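I opened this notebook to record what I looked up in one structure, entry by entry.

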Amino acid sequence: MAIAHQFEYVKPATLREAVRLLARYGPRTRALAGGTDLIGLISDGVIAPKVVVDIKGIAGLDRIEFKNGVLSIGALVTFSDLRDSPLIAKKFPVIREMTSWVASVGIRNRATMVGNLCSAVPCCDSGAVLLVYDAAVQVAGPAGKRKVPMREWFLGPRKTVLKRGEIATGIEVSLPKNKHGACFVKLRRYEGEDLAQASVTVLALAGNRYRISFGSVAPRPIPALRIEALLEGQALSDGLIQKAVRLVREEIAPITDIRATKEYRLHMVGVMLERGLRAAVARLAGTGPDYGTSLI
């Protein structure tokens, strides 16, 4: 992949230095972790940064840790790291399920979950999954550190709440205290590497509580608030599922693009929601399809 645009490349050894560089050059600076999105944008001439700050030399950003019921995922953790982690498979199997459908093996070996969130494309697979867990993005900047809830992270296509000089350093995901089952359903045009035409994530919790989100059918990954309210406290039934499916049109705002028409997305999200609900509830009960089983 040829890159005609010239830029300064720096590789700071500390987070403090990375923040200083990002603050100094502002919009003309880009942080580099996996680079699977950034390099393509530079090569295509979409962006022309003056400085690229490689954060791979910063210690501690490659960790996956679980402490006091909270999962921490560093900014350098790749999708392959997550997929291969016994901790993720045991505590957050739906995250592992999602990673299995991200692009190709080669991309997963380099692309990071934090980078996926920072790209902020409507079809980012991580966003919808993290929404159902009420995850938060860890941010460091000139004013110090802060945590941004996932529901506040995305402002629109390729836009996040990151301010000048700030860098996303990781993600925090709280494990639900109650028993739960989950499901990630991704619609693609073909087997292999492809972006989502649509995605649905369902988290079913004990007590007939549900958390649901959609990806690739709005300007950003979104929670399904109306559907969650409809299902709250009710045991899943055929009739209740059909009521939820009918609410899909009030939740999402898909477009027609090269991957699918808006009409196809509207129809398929209903199909995916039904299958995702049934699978998540079955997994909660200890049955259902194995995590990683394609439902489409």
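I looked up Glu172 and found it buried, at 19% relative accessible area, where buried means under 20%, exposed over 50% and partly exposed in between, with a 1.4 Å probe and protein chains only. The model is predicted, so I note that local features need pLDDT of at least 70 and side-chain atom pairs count only at pLDDT 80 or more, while totals for chains, interfaces and linings use all residues. Residues are numbered from 1 along each chain as its sequence is written, and side-chain values use heavy atoms, with hydrogens and water left out.

Glu172 lies in strand S10; helices (H or I, at least four residues) and strands (E, at least two) are DSSP runs numbered from the N terminus. The side chain of Glu172 makes a polar contact with that of Gln138 at 2.8 Å, the term being a pair of N or O atoms within 3.5 Å, one able to donate a hydrogen and the other to accept it within protein, with sequence-adjacent residues counted only if both atoms are side-chain atoms. Leaving out residues up to four places away in sequence, Glu172 touches, among others, Val70, Ala135 and Lys147, contact meaning heavy atoms within 4.5 Å.

**Entry 2, helix H8.** I checked residues 125-132 and found eight of the eight buried, so helix H8 is largely enclosed by the rest of the structure. Just after H8, Asp134 takes a positive phi of about 55°.

My search of the whole structure gave two aromatic pairs, for which rings of Phe, Tyr and Trp (its six-membered ring) must have centres within 6.5 Å, with planes under 30 degrees apart called stacked, over 60 edge-to-face and the rest tilted. Phe66 and Phe92 pair edge-to-face, 6.3 Å centre to centre with 70° between the planes, and this pair links Phe66 in strand S4 to Phe92 in the loop between H4 and H5, 26 residues apart. Phe66 is partly exposed at 28%, whereas Phe92 is buried at 0%. Phe92 and Tyr133 also pair edge-to-face, at 5.4 Å and 70°; Tyr133 lies in the loop between H8 and strand S6, so the pair ties together parts 41 residues apart in sequence.

I asked which element gives the most to the lining of the largest pocket. H7 does, with five residues.
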